[in-house]
Amino acid sequence: MPEPLAWIDDELQSLKKTGLYNTIRTLDSPQGAWLVVDGKKVLNFCSNNYLGLANHPSIVQAATQAMQNYGVGPGAVRSIAGTMSLHIRLEERLAAFKKVPAAITFQSGFSANLAAIPALVGKEDVIFSDELNHASIIDGSRLSGAKIIRFAHCDPADLEQKIQEASGSYRRGIVISDGVFSMDGDIAPLDKLVEIAKKYDLMTLVDDAHGEGVLGEGGRGIVDHFHLHGKVDVEVGTFSKAFGVVGGAVAGDARVAEWLRQRGRPFLFSSAVTVPDTAATLAAIDLLEESTQLVDRLWENALYFQSEMRTLGFDTGKTQTPITPVMLGEVQLAREFSRRLFEEGVFAMALGYPTVPQGKARIRVMLSATHSRQDLEQALEIFNRVGKQLGVLQG
Ligand SMILES: *Cc1c(COP(=O)(O)O)cnc(C)c1O
């Protein structure tokens with residue numbers, strides 16, 4: 001008999017053989033425009049630190065101060081003795097920032113979906129889910145036991161058809177979509193999805209992880225972008241991307257927040273976000289409310305970089321946000337491109353099948369407000385050079 005864990009060796013071997021093994025690089029610096037990665041100083045185009053808040057002095061200061069006053073850990077799950085006044089303040093401030101009645105926080109965006117979806121639908125119910133929704137939506141949906149019906153990506157007409165086909169077969173229904181899709185940077189047609197959901201009396205949930213701090217006035221997110229305040233039942237968010245910290249939230253209808261305090265399993269059975277995380281997120285909201293400067297800067301950088309890349313001859317796909325795919329086709333080419341960029345001092349990830357469809361491999365460039373114009377010019381020059389070396393660009 002083989003020893004019981006031997007199968008893992010076989011699986012890992014097979015991942016390595018098929019090129020699907022994930023090698024994880026180690027950082028020796030804070031997040032920022034530049035990183036020290038595996039001992040080498042490189043320009044960073046990999047992080048979701050859109051606004052540079054992950055290492056912002058006033059946020060670090062707020063977290064430090066809060067630890068002096070409240071310590072580090074919450075001590076218990078929130079429903080027993082782990083809710084601190086800081087958590088409540090964060091929920092109130094977040095709801096006000098997003099101009100919705102209520103918010104409830106979780107340990108991460110991933111847990112927010114695992115809490116919200118199974119609390120809203122169960123075995124007799126149905127979920128209409130965009131076919132490219134995030135893994136945490138897929139897992140939350142499976143956990144709920146509801147029937148999952150996929151609709152074509154960002155296609156309101158297909159959603160409506162799927163709703164009509166399922167008519168009469170369920171108790172409650174919910175339409176769920178990512179706000180911004182992280183592989184292509186495209187934006188869900190949320191206004192149309194919500195209109196259709198209302199027409200058929202369905203609940204709505206949008207996961208705005210990549211829209212928070214990016215879309216809408218001063219980064220208020222996708223609901224603000226489409227002026228849908230009060231019309232989206234559940235807005236899932238994360239504090240780990242533009243907010244630069246860690247944590248998740250559900251914002252929207254007050255009844256949903258109240259229900260999740262009673263029935264959200266990650267709320268009831270897993271401890272709250274830590275004191276420094278909570279204080280840091282509060283400070284991030286302060287910064288966003290004080291000024292739109294960082295969000296404006298992010299968009300300036302994104303639009304400049306994307307337009308220069310297209311001028312060089314690169315295909316930047318269908319992005320509508322600072323997420324910038326550089327479409328290359330075959331995964332081997334994307335990997336080699338990423339490797340050469342790294343040699344030249346640019347850290348940008350290659351994404352291939354099964355993360356994106358076969359033949360649609362790419363480098364994904366994540367722009368940030370922390371990049372200077374000089375950083376971007378340097379990166380453009382390196383992209384141009386590597387593009388020519390690898391025959392992606394002419395000449
Ligand atoms: C990143 C992401 C999450 C997970 O957020 P965490 O706070 O890092 O757990 C959830 N949903 C979407 C759409 C995401 O992009």
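**Note on the predicted model: salt bridges, cores and the domain interface**

1. E343 and R339 stand 4 residues apart in helix α14 (residues 331-343), so about one helical turn separates them. In this predicted model, the side chains of E343 and R339 meet in a salt bridge, with 2.8 Å from N to O. With a relative accessible area of 52%, E343 is exposed, because the limit for that class is over 50%. R339, for its part, counts as partly exposed at 42% relative accessibility.

2. A second pairing of this kind is found in helix α15 (residues 373-389), where R385 and E381 lie 4 residues apart, about one turn of the helix. The salt bridge between the side chains of R385 and E381 has an N to O distance of 3.3 Å, and R385 counts as partly exposed, at 34% relative accessibility. Elsewhere, salt bridges that share partners link E124, D125, R171 and R172 into one network.

3. The side chains of R255 and D253 also form a salt bridge, at 2.9 Å from N to O. R255 is exposed, its relative accessible area being 65%, whereas D253, with 23%, is partly exposed. For the model as a whole, the count by the rule applied comes to 22 salt bridges.

4. How is the chain divided into domains? The domain assignment gives domain 1, made of residues 16-45 together with 292-389, and domain 2, which covers 57-290. Taken over C-alpha atoms, the centres of domain 1 and domain 2 are 28 Å apart.

5. Turning to the interface, 17 residues of domain 1 are in contact with 16 residues of domain 2. The two domains bury about 1400 Å² between them, and 63% of that area is on carbon and sulfur atoms. On the side of domain 1, V295, K318 and I323 lose the most area to domain 2, and together they account for 33% of what that side buries.

6. The polar part of the interface can be described as well. The rule finds 7 residue pairs in polar contact across the interface of domain 1 and domain 2, both residues being at pLDDT 80 or more, and it finds 2 salt bridges across this interface. The side chains of D184 and R362 meet in a salt bridge of 2.8 Å, N to O. As for the elements involved, α13, β10 (323-329) and β13 (361-366) each supply at least two residues of the side of domain 1 that touches domain 2.

7. Which residues of the largest nonpolar core touch the most other members? This core has 45 residues, and Y50, L51, L190 and F243 are those that touch the most other members. Two or more residues each come from α2 (57-70), α4 (85-98), α8 (190-199), α9 (222-225), β9 (248-252), α12 (275-290) and α13 (293-312). The element that gives the most to this core is α12, with 9 residues. Domain 1 and domain 2 each contribute at least three residues to this core. Apart from it lies another core, of 26 residues, including F45, A302, L328 and L380.

8. Y50 deserves a separate look. Leaving out residues up to four places away in sequence, Y50 touches H210, V214, K241, A242, L298, P322, I323, M366, L367, S368 and A369. Among these, I323 is also one of the residues of domain 1 that lose the most area to domain 2.

9. Is H87 buried or exposed? At 1% relative accessibility H87 counts as buried, because the cut-off for that class is under 20%. H87 lies in helix α4, and, with its neighbours within four places in sequence left aside, H87 is in contact with P74, R78, G82, A272, V273 and T278.

10. P57, finally, has its place in helix α2, and P57 is exposed, with a relative accessible area of 62%. P57 and S271 are 214 residues apart in sequence, while their C-alpha atoms are 27 Å apart in space.

Conventions:
Residues are numbered from 1 along each chain as its sequence is written. This is a predicted model: local features need pLDDT of at least 70, side-chain atom pairs count only at pLDDT 80 or more; totals for chains, interfaces and linings use all residues. Side-chain values use heavy atoms; hydrogens and water are left out. A nonpolar core is a set of buried Ala, Val, Leu, Ile, Met, Phe, Trp, Tyr and Cys residues joined through side-chain atoms within 4.5 Å. Buried means under 20% relative accessible area, exposed over 50%, partly exposed in between (1.4 Å probe, protein chains only). Domain bounds come from an automatic or database domain assignment. Contact means heavy atoms within 4.5 Å. Buried area is the accessible area (1.4 Å probe) that two parts lose on being put together, summed over both. A salt bridge is a side-chain nitrogen of Lys or Arg within 4 Å of a carboxyl oxygen of Asp or Glu. A polar contact is a pair of N or O atoms within 3.5 Å; within protein, one must be able to donate a hydrogen and the other to accept it, and residues adjacent in sequence count only if both atoms are side-chain atoms.
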